[in-house]
Amino acid sequence: MYSLGIVMYQMLTGRLPFLGESPISVALKHLQEDVEEPRKVNPLIPQSVENIILRAMRKSTSERYRSAKDMLSDLDACLLCRTAATSRKSSSSTMMNWMRRRPG
């Protein structure tokens, strides 16, 4: 799950979470340093997605997702929430446009 968190971080921020001069220094950073929050790098990342990435990348294995199925469940919940929000926005936008065209 940790590696998937790394891949998601890189995909959404455009950079690796840890950089170093050698593979050993990068490995030590993985163990010792906290990753920069993805939304600080890319503010367009939804908070719910950042939460998933950070949970996948937690130092303690007991705090990470126990399975891909658990992670998928959270990702599905994010998508459902975003789809519902988009749908509500679309409905309200449609209604506002309709009201503007029909004054009085």
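Two salt bridges turn up when the whole structure is searched, a salt bridge being a side-chain nitrogen of Lys or Arg within 4 Å of a carboxyl oxygen of Asp or Glu. The model is predicted, so local features need pLDDT of at least 70 and side-chain atom pairs count only at pLDDT 80 or more, while totals for chains, interfaces and linings use all residues. Residues are numbered from 1 along each chain as its sequence is written, and side-chain values use heavy atoms, with hydrogens and water left out.

Helices here are DSSP runs (H or I, at least four residues), numbered from the N terminus. Arg-15 is partly exposed at 37% relative accessibility, and Glu-36 is partly exposed at 36%; the term covers values between buried (under 20% relative accessible area) and exposed (over 50%), with a 1.4 Å probe and protein chains only.

Asp-74 and Arg-55 form a salt bridge through their side chains, at 3.7 Å from N to O. Here Asp-74 in helix α5 (residues 68–101) is linked to Arg-55 in helix α4, 19 residues apart. Asp-74 is partly exposed at 28%, as is Arg-55 at 29%.

Helix α4 (residues 47–56) has as its buried residues Val-49, Glu-50, Ile-52, Ile-53 and Ala-56. Down the axis of α4 these residues fall within an arc of 160 degrees, so they line one face of the helix; the arc is taken from the directions from the helix axis to the C-beta atoms.

Technical notes
Helix = DSSP H or I, 4+ residues; strand = E, 2+ residues; numbered from the N terminus.
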